Amino acid sequence: MTTYVLRRLLQAVPLLLGITVVSFAILKAIPGGPMAAYEGNPNITDEDIRRLEHALGLDQPVHIQYLSWLTAFLTGDWGYSYSSHRAVLTEIMERFPKTVYLMGTVYVVTLLVAIPIGILTAVRQYSWFDHIVTGTTFAFLSTPTFWLGLLLIIVFGLQLRLLPLGGMATLGTDFDLLDRVRHLILPVATLSLVGIGRYVRFLRASMLETLTQDYLRTARAKGLGERIVVARHALKNASIPLVTVAALDLPELFVGALVTEQIFGWPGMGRLYWDAATRSDYPVIMGFLAVAASLIILANLAADVFYAYLDPRIRYA
Amino acid sequence: MATLRSSQLLAQAVALPATAYRERGQWRMAFERFLEHRLAVAGIVVLALLALLSAFAPLVSPYNPEKTNLLLIFESPSPSHPMGTDSLGRDLATRILYGGRVSLSVGVLAIAVAITLGTLIGGIAGFYGRWIDAVLMRVVDMMLSFPRLFLLILFGVFFKGMTLGVIVIVLGLLSWMPTSRLVRATFLSLKNRDFVEAARSIGARNRDIIARHILPNSLAPIIVAATLGVAGAIITESTLSFLGLGIQPPTPSWGNMLKDATSEMNQAPWTAIFPGLFIFLAVVSINFIGDGLRDALDPRHVTKRI
Amino acid sequence: MSTAVGDVRLGRGRMTVKRFSIVLASIALVVAACTPTPGGTPASGTPAASEGPTRGGTLIFAMWQEPTTLAPPYLNQTIAGLVSQVAVEGLTRTDTDGKYQPVLAKSVPDINNGGVKLSADGKKMDVTYELLSAVTWSDGHAFTSADVKFTWENRMKDPKVVNRAGYDQIESIDTPNDTNVVMHFKSVYAPYPTLFGALLAKHVAEKEADLSKSDYNQRPLGTGPFKFTEFVAGDHITAERNPNYRDKTKPYLDKIIFKSVPASEVAIAQLKAGEVQGMWNILESQTPDLEKESAIKLVITPSPSVERVEINTAANKDMTDPTSVHPVLGDIAMRKALVWATPKQQLVDKLLFGKAKPGSSGYSQGWAKYTGPPQDSYDPKKANDELDKAGWVKGADGIRSKGGVRASLTITSTTGNKTREQVEQVLSDEYKQIGVELKIQNQPSSVFLSGSWSAGDPRKRGTFDLDMYATSPDIDPHTHIFTRFHSSQIPSAANNGLGNNYTRLRSPDVDKAIDEGGATLDLEKRKAAYNNAVKGINDAYVIIWLYERASIDAFRTNVGGWQGNVWDNITWNSGDWYLKK
């Protein structure tokens with residue numbers, strides 16, 4: 001197992017390198033650039049634009065630009081944002097906890113709700129409970145997240161005026177737990193509802209498959225109560241695929257849900273990326289993609305390792 | 001299951017077109033199982049309705065989806081405009097029908113590209129194995145490690161005005177990986193089965209083996225994945241258009257109609273409700289169909305408890 | 001069996017813990033939902049009228065674009081200037097009538113009061129500013145002439161400053177004492193009062209090795225009524241009362257918090273709900289909704305911003321040759337027809353809700369504003385006749401062609417701007433009526449407005465037919481009109497993309513008028529010259545001046561003291577703002 005993990009980690013290095021090269025190439029191939037931000041200024045002359053391009057190193061050949069980025073990046077200098085002139089690492093570190101705060105809550109809520117519901121629908125297949133759950137889960141997982149978010153804002157924020165319209169907390173006041181919770185409700189609801197839909201369906205399918213296995217027949221024949229059969233045997237085995245899927249969703253914890261953060265004004269990683277992408281802020285975009293890609297690679301590895309750990313039938317060379 | 005395989009072997013041995021007969025039986029059984037799934041059938045009906053209405057939009061609606069009429073801005077729903085009008089006085093129902101053409105076709109075509117590419121790559125990797133497999137799977141890993149939406153945003157900025165064709169290709173290029181893994185896994189498991197060995201022993205060529213034996217047996221998971229992929233592609237296109245990076249106005253698509261509608265929600269909520277509703281209907285139907293297909297096509301997938 | 005018992009307990013335990021947490025979570029949700037909306041800060045009281053400014057309170061101002069930096073040499077966005085202004089001041093400012101007013105200077109120097117002295121040959125000038133005494137920065141350090149000189153030096157030395165226009169005309173600066181600054185210009189630079197609108201604090205800025213990477217970008221030091229205390233990226237910026245402000249009675253407010261919201265619709269919703277008390281840059285289409293609200297007051301000020309359609313008279317080709325001729329738009333009859341087919345008044349009435357004016361020039365405000373004959377009005381019949389006369393024949397599909405060239409054009413503007421998309425669609429419709437096909441091909445502003453030859457800005461390279469966007473000239477229009485309409489300013493491969501004359505206009509009359517405007521300090525003469533230039537531009541039919549936009553901000557009715565300013569941001573007098581009790 002350890003050799004497998006080590007081998008995967010080693011393979012991750014050229015993978016990440018390749019990703020940075022491709023990302024950089026795409027960025028450079030895109031027409032336009034960070035100079036557009038200066039358009040509205042009536043006093044900017046062409047000399048100014050050229051001077052700024054030179055100061056940012058944008059007039060050098062592409063491969064030189066990439067190599068200077070790479071060497072700096074590897075030594076911990078992730079560059080400075082073209083628009084805010086702050087260190088990219090600072091920008092990312094500022095947004096990171098806020099995204100984890102939101103997505104972590106989403107993750108926990110999703111799992112806490114989806115697991116019991118998923119188990120119950122499988123156990124009580126074809127009951128009225130199952131039908132209702134099937135209907136609602138399909139409905140939620142078929143809804144585009146941005147539409148759901150907007151509808152929730154209209155209903156709860158605008159019409160009923162029950163919940164705030166965005167942001168993490170009410171400004172100008174001190175830290176208040178209840179206030180924070182109120183600001184969390186709508187964005188968490190938007191993301192969780194869709195996620196719960198997915199996870200319930202997934203768990204239901206895998207529980208159903210497990211519940212019909214022969215070894216459970218044996219367990220029941222032995223006289224074990226249904227609850228134990230479900231909890232101890234079925235759930236443990238049905239949850240293996242669930243764990244792998246949950247592990248694959250982990251990168252979202254850090255990378256954030258871009259559209260939801262936009263709609264709810266959540267100052268997280270997703271919004272950072274959007275601002276950077278629309279402003280052609282290359283250093284921030286590259287930093288972000290590097291982080292996201294690393295997380296995805298690590299999550300994939302974690303999922304595979306978990307899977308092998310939980311399922312003794314799997315053995316990696 | 002055993003009966004199926006041995007009869008195929010037998011048929012191969014006597015060079016009868018046995019697969020034809022068995023496949024019809026196999027598919028017919030699947031079809032009947034599908035019909036038992038009420039929600040899936042409902043899904044087909046709804047989807048067919050949406051597709052037909054969109055395809056025959058010019059016959060269904062008397063209005064021109066792009067003709068502006070500044071005097072009729074934001075009319076609420078009425079008999080002459082069942083879903084009201086939008087910010088330029090255009091009939092919303094008409095735009096939704098024409099928008100359906102775009103949104104539905106983007107979904108189907110993008111996945112067609114993805115499935116073709118994925119099957120090709122996964123099949124080659126799974127069948128030929130060894131270093132070809134290793135290289136291709138590294139490529140898959142790399143593509144999978146890119147955060148998809150973020151890449152799509154970069155592409156959206158890249159192409160000067162996303163036309164339908166460009167969006168289809170880009171979405172397809174970013175969605176083929178799961179299919180390739182699926183196909184590869186199926187090919188890997190099937191290529192060592194007895195009936196393939198039997199076929200090889202009587203001198204069948206590789207491409208015949210793939211075409212007549214392996215591919216038909218791997219169709220089931222591909223079909224299910226494709227169906228669910230279309231749902232995902234429709235949502236992705238609508239999200240892109242919502243962000244302003246997808247289909248450009250004046251061509252209507254359900255997503256870009258929502259982009260305009262978010263700022264109009266207070267004055268004209270119907271502009272926000274209806275396009276989203278249609279996305280929802282289409283995606284829900286497709287999901288139900290996919291669910292039904294999954295139950296129907298996988299004979300090992302037992303849905304009833306013993 | 002013991003395992004079974006143990007498992008049952010364990011099993012039940014696991015289930016119970018899960019169930020319990022779900023129940024707990026649901027209770028929390030219900031409780032949270034039932035809690036009434038907080039009243040916010042003391043700011044959102046009842047909108048009862050009261051006389052005189054009251055001291056105290058926090059005002060939350062919504063901004064739906066985020067400033068990336070607040071430091072004067074690097075800031076470029078309007079919102080950054082708006083926010084920065086509550087703390088950072090300059091020597092002079094421009095009032096709403098377009099007149100220069102002193103801020104940190106005692107008076108505005110000009111030829112008449114001896115502040116400006118021309119050299120003997122009339123080719124150079126010296127400008128002397130006398131500064132207010134006893135002014136300190138918000139950290140207590142004295143403000144002196146050294147700060148002014150340092151601001152100039154930084155401008156010229158730092159490679160990352162945004163622009164140097166004007167500062168590069170200063171040869172040297174003398175500071176004979178703490179309150180006097182003498183600037184030696186190497187030319188007669190007429191817009192000199194627009195320089196030094198935001199000053200750097202030498203004692204802080206000079207300590208930084210690279211000012212562009214320092215905290216100065218988030219919390220620049222200033223002499224204004226407020227000082228910046230907090231900058232949380234993506235969330236909010238806090239400005240608190242400056243205890244060292246030279247007017248001890250002001251500012252009235254304790255704090256202004258600039259809150260970052262993702263979109264203007266969200267800002268409007270929050271304004272209506274009272275979560276914020278002011279917001280910036282409201283779109284015309286949002287005004288009918290806000291006008292219905294009794295607790296909200298709109299601040300509508302004319303602005304110098306004019307939305308226009310530029311017509312490319314050279315061929316639509318990458319790195320187009322300035323002497324080439326556009327196959328369709330090279331024909332003046334076609335250009336006339338396009339102008340006559342544009343329903344400006346309708347656009348203003350229906351899409352902009354009457355909050356704008358149909359345009360006639362790019363210079364709608366100030367001393368240089370255009371007062372000549374308006375641009376031709378909407379007359380589609382005349383357009384059709386003109387095209388018929390010029391030999392553009394309608395084909396079977398209704399689109400005209402002449403000499404084998406089909407009248408098919410594209411229009412390019414920025415994506416994500418609903419009003420622009422609406423205008424484009426109306427134009428597409430209207431032009432079809434006169435037999436011209438118009439296709440819409442928008443691009444994100446980072447591409448379309450990059451202003452960079454190397455980055456492929458289509459306007460620079462000439463790869464467009466029609467384009468549409470807005471520009472705002474400065475109070476002194478010379479740089480603007482020169483770079484955009486003088487024949488020497490056509491970007492091409494030969495001059496490495498220099499200039500902003502995107503219409504590729506080459507008119508000797510216009511050139512002469514522009515040169516006259518820049519050659520004298522006499523405002524009357526300059527105004528006449530610029531008016532002639534605009535007449536010439538309009539006679540060439542290379543621009544369709546769509547509409548002159550108003551600048552629209554909004555406050556809740558319990559906020560007082562604000563005043564609109566044509567040439568400045570709404571925060572220009574933030575020291576006067578107060579909250580009514």
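**Charges over a ring.** The charged end of R308(C) sits over the ring of Y469(C), 5.9 Å from its centre. I found R459(C) over the ring of Y469(C) as well, with its charged end 4.8 Å from the centre. I took a charge to sit over a ring if NZ of Lys or CZ of Arg is within 6 Å of the ring centre and within 35 degrees of the ring normal.

**Conventions.** I number residues from 1 along each chain as its sequence is written, and letter chains from A and number ligands from 1 in the order in which they are written. As the model is predicted, local features need pLDDT of at least 70 and side-chain atom pairs count only at pLDDT 80 or more, while totals for chains, interfaces and linings use all residues; side-chain values use heavy atoms, with hydrogens and water left out.

**Confidence.** The model scores ipTM 0.79 and pTM 0.75. For chain C I noted a mean pLDDT (the predictor's confidence in each residue, from 0 to 100) of 85, with 91% of its residues at 70 or more. Among the elements of chain C, the lowest mean pLDDT, 41, belongs to helix α1 (residues 2-34), and the highest, 95, to helix α7 (residues 332-340). The pLDDT is below 50 over residues 1-17 of chain C, a stretch with nine contacts in the model beyond near neighbours in sequence. It is also below 50 over residues 23-50 of chain C, where I noted 34 such contacts. Contact means heavy atoms within 4.5 Å. Where pLDDT is low, the predicted coordinates should not be read in detail.

**Chain C overall.** I listed 15 helices and 22 strands in chain C; these are DSSP runs numbered from the N terminus, helices being H or I of at least four residues and strands E of at least two. The C-alpha trace of chain C spans about 95 × 75 × 55 Å along its principal axes. Of the 581 residues in chain C, 57% are buried, where buried means under 20% relative accessible area, exposed over 50% and partly exposed in between (1.4 Å probe, protein chains only).

**Aromatic pairs.** My search of the whole structure gave 24 aromatic pairs over all chains. Rings of Phe, Tyr and Trp (its six-membered ring) pair if their centres lie within 6.5 Å; planes under 30 degrees apart count as stacked, over 60 as edge-to-face and the rest as tilted. W64(C) and W280(C) have ring centres 5.5 Å apart and planes at 35°, so I filed the pair as tilted. W64(C) lies in the loop between β1 (58-63) and α2 (78-84) of chain C and W280(C) in the loop between β11 (278-279) and α6 (287-291) of chain C, so the pair ties together parts 216 residues apart in sequence. Both W64(C) and W280(C) are buried. I filed W137(C) and F143(C) as edge-to-face, because their planes are at 75°, with the centres 5.8 Å apart. W137(C) counts as buried at 1% relative accessibility, and F143(C) counts as buried at 6%.

**Chains C and B.** I counted 22 residues from chain C and 22 residues from chain B in the contact. The two chains bury about 1900 Å² between them, 54% of it on carbon and sulfur atoms. Buried area is the accessible area (1.4 Å probe) that two parts lose on being put together, summed over both. K350(C), K418(C) and Q425(C) supply 26% of the area that chain C buries against chain B, more than any other three residues.
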